[in-house]
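Biologist: I would like to go through the terms used for this model and hear what each one rests on. Please set each value against its cut-off.

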Amino acid sequence: MKIVVAIKEVPDTWGERRLDLETGLTDRGASAPVLDEIGERAVEAALTYADAHEGTEVVVLTMAPASATATVRKALAMGATSAVHVVDDTLRGADLLLTAEVLAAAIRRTGFDLVIAGNLSTDGGGAVVPAMIAEILGVPQLTALSSLDVSEAAVAGDRVSDAGTMRVSAALPAVVSITEALPEGRFTTFKGIMAAKKKPYETLDAGALGVAAENPAVPRYIMLSVAERPPRAAGTKIVDEGDAGEKLAAFLVAEGVA
Ligand SMILES: Cc1cc2nc3c(=O)[nH]c(=O)nc-3n(C[C@H](O)[C@H](O)[C@H](O)COP(=O)(O)OP(=O)(O)OC[C@H]3O[C@@H](n4cnc5c(N)ncnc54)[C@H](O)[C@@H]3O)c2cc1C
């Protein structure tokens, strides 16, 4: 079984996250870059299967700036077999579809039985890249799975919606995306970190993948403007001087809640 896990480097969720107001892209200098937590969970899901099934190959794949190497190595230190890193400055500002085309081309080149992705990245938050990859590859997709069961020939899982829980299944090869309901990524060990340094690490550009990336890459949707969210206004504090109930009721009426 060959499992390709799509991982993304994102600005630290707990640090300050900013947009570059000129380009509309993530300001990568504003906070420490990390492996997206949902990506860690996706790697964990693949490794859990690999732990129980000898001979499973887990390939981590990213399309990211060259500086993302340390993040990719973290996934190798967790236990992935090898890495494919698409590095190409002409892809800077790639929109969702171009990203999916690049990743699908890399997945096709690598070969796969199963692709595991996160359902939604912490920064871009488009939540459509996995579905687009499946469409381009022409394989079934199971998205937003809150549980994952992989067997030799099929993949299944639960998909929770407002109305209930669907049990879904598809024959392999397939693409799945998982939610934060799946277990957290395992800790890396010193042994794992040392082993990661010797694991196969392939870097490719758009040309090697046969993807037409012009310089600069031409997105098919265009960001018209970008503005920072205004700072949050301070809340209303009610001090109880024996009349807190009345003040609270008056506040709710004024806000149109009551
Ligand atoms: C030079 C360069 C600079 C870039 N700069 C930025 C930037 O500033 N901000 C930004 O958000 N993106 C950047 N990217 C990456 C790319 O543009 C985005 O990944 C893409 O638009 C996906 O958007 P999303 O996060 O909303 O996808 P979503 O659909 O929300 O992602 C869902 C899942 O798809 C997979 N996935 C998504 N993107 C990637 C990826 N790149 N590699 C592997 N798996 C992925 C992951 O499993 C993720 O959990 C850059 C890429 C390059 C090469």
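This is a predicted model: local features need pLDDT of at least 70, side-chain atom pairs count only at pLDDT 80 or more; totals for chains, interfaces and linings use all residues.

Biologist: What does the chain look like as a whole?

Modeller: The chain has six helices and twelve strands. Its C-alpha trace spans about 70 × 45 × 40 Å along the principal axes. Of the 258 residues, 38% count as buried.

Biologist: Why is Glu255 called exposed?

Modeller: Exposed requires a relative accessible area over 50%. Glu255 has 52%, so Glu255 is exposed. Glu255 sits in the segment after helix H6 (244-254). The C-alpha atom of Glu255 is separated by 39 Å from that of Met166, and the two residues are 89 apart along the chain.

Biologist: Why does Ala127 count as partly exposed?

Modeller: Buried means under 20% and exposed means over 50%, with partly exposed in between. Ala127 is at 45% relative accessibility, so Ala127 falls in the partly exposed class. That figure takes only the protein chains as cover.

Biologist: And what makes Ala144 partly exposed?

Modeller: The relative accessible area of Ala144 is 23%. The cut-off for buried is under 20%, so Ala144 is partly exposed. Ala144 lies in strand E7 (residues 141-145).

Biologist: What is noted about the backbone of Ala127 and of Ala144?

Modeller: Ala127 has a positive phi of about 60° although it is not a glycine. Ala127 is in the loop between E6 and H4. Ala144, also a residue other than glycine, has a positive phi near 55°.

Biologist: Which residues of helix H2 are buried?

Modeller: In H2 (residues 69-78), the buried residues are Thr71, Val72, Ala75, Leu76, Ala77 and Met78. Each of these has a relative accessible area under 20%. An α-helix has 3.6 residues a turn, so residues three or four places apart point the same way. After H2 comes Gly79, with a positive phi near 140°.

Biologist: What kind of peptide bond joins Leu172 and Pro173?

Modeller: The bond is cis, with omega about 0°. Pro173 is in the loop between strand E10 (164-171) and strand E11 (174-178).

Biologist: Why is one space called a cavity and another a pocket?

Modeller: Rolling a probe the size of a water molecule over the atoms shows where empty space is left. In a cavity a 1.4 Å probe fits but cannot get out, whereas a pocket is open. One cavity reaches 30 Å³ or more. The largest cavity has a volume of about 40 Å³. Its lining consists of Val10, Pro11, Thr26, Asp27, Arg28, Ser31, Ala32 and Pro33. That lining has four nonpolar, two polar and two charged residues.

Biologist: Which residues line the second largest pocket?

Modeller: The lining is Arg41, Glu44, Ala45, Thr48, Tyr49, Leu148, Asp149, Val150, Leu182 and Pro183. The volume of the second largest pocket is about 150 Å³. H1 gives the most to its lining, with five residues. Helix H1 (37-52) and strand E8 (149-150) each supply at least two. Six residues of this lining are nonpolar, one is polar and three are charged.

Notes:
Residues are numbered from 1 along each chain as its sequence is written. Side-chain values use heavy atoms; hydrogens and water are left out. On a 1 Å grid over the protein atoms alone, a cavity is a set of points where a 1.4 Å probe fits but cannot get out, and a pocket is an open set with protein on both sides within 12 Å along at least five of seven lines; lining residues have an atom within 4 Å of a point. Grid points are joined across faces, edges and corners, and a volume is the space filled by probe spheres set on the points. Helices (H or I, at least four residues) and strands (E, at least two) are DSSP runs, numbered from the N terminus. Ala, Val, Leu, Ile, Met, Phe, Trp, Tyr, Cys and Pro count as nonpolar, Asp, Glu, Lys and Arg as charged, and the others, Gly among them, as polar. Buried means under 20% relative accessible area, exposed over 50%, partly exposed in between (1.4 Å probe, protein chains only).
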